[in-house]
Amino acid sequence: MFFDSVDGEDERYYTADEFADYFRQVISSGILNGGTNLQVVCSGTDMQVQINQGYAWLEGYLYKIDTKPLALTLDTADPSLDRIDRVVIRLDKTLENRYVRAFVLKGEPAGIPVAPTITRDENIFELSLAQIKVIGGKSYVEGGEITDERLNTEVCGLANSLVTADTTDIFNQFQDWFNSKTAEPGGEFYKEWKEWFESVVGASYLTHTQAD
């Protein structure tokens, strides 16, 4: 893949996932750079958060916010218990959806709240951008209640090249060659060093003998 299609002769058809698979081989999932790329922020005055402009890569599919921050509204806080929400980018390949979008995963209010888990299966793949602690009885979210998860490789991380080279065999071959050259007493490098050393010692001995 990929080749041009010739109508009526040699027609080539490719699915969206075949196109995505092309990129899955060379780029891992994650945000495309750090800084403020897809950073979750808030104004500190209401229950709204914003995702800054940026790009993410999810299993070969691209997500972008390229003009202005995307606003998401959190549900009202529980009257007394805290909860932890998550802001995620979700790839959904099911036929009824077929999108990459941002969502708020709402957590459960509790005495010791925990963040909702992200989903990663054959159809859905999520990256978590941030956790947000929603304080019980509070009508707004502050910056200190947002935990940035973009660099956490367990749930997000940076997209990286998957093109790598295993140099183990090359290194082992070099090491074997080096060991054979330096081995005592038959190694070529060892012999040369020994001859040089003995010549230096011999010359030094002759100099001292003549001086005496």
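Modeller: Helices (H or I, at least four residues) and strands (E, at least two) are DSSP runs, numbered from the N terminus. Glu149 lies in the loop between strand E10 (146-148) and helix H2 (168-182). The model is predicted: local features need pLDDT of at least 70, side-chain atom pairs count only at pLDDT 80 or more, and totals for chains, interfaces and linings use all residues. Residues are numbered from 1 along each chain as its sequence is written, and side-chain values use heavy atoms, with hydrogens and water left out.

Biologist: Why is Glu149 called buried?

Modeller: Buried means under 20% relative accessible area, exposed over 50%, partly exposed in between (1.4 Å probe, protein chains only). Glu149 has 5%, so it is buried. Its contacts (heavy atoms within 4.5 Å) include Arg86, Ser128 and Cys156, leaving aside neighbours within four places in sequence.

Biologist: What makes the pair of Tyr99 and Phe103 tilted?

Modeller: Rings of Phe, Tyr and Trp (its six-membered ring) pair if their centres lie within 6.5 Å; planes under 30 degrees apart count as stacked, over 60 as edge-to-face and the rest as tilted. The centres of Tyr99 and Phe103 are 5.9 Å apart and the planes stand at 40 degrees, so this pair is tilted. The structure holds 1 aromatic pair.
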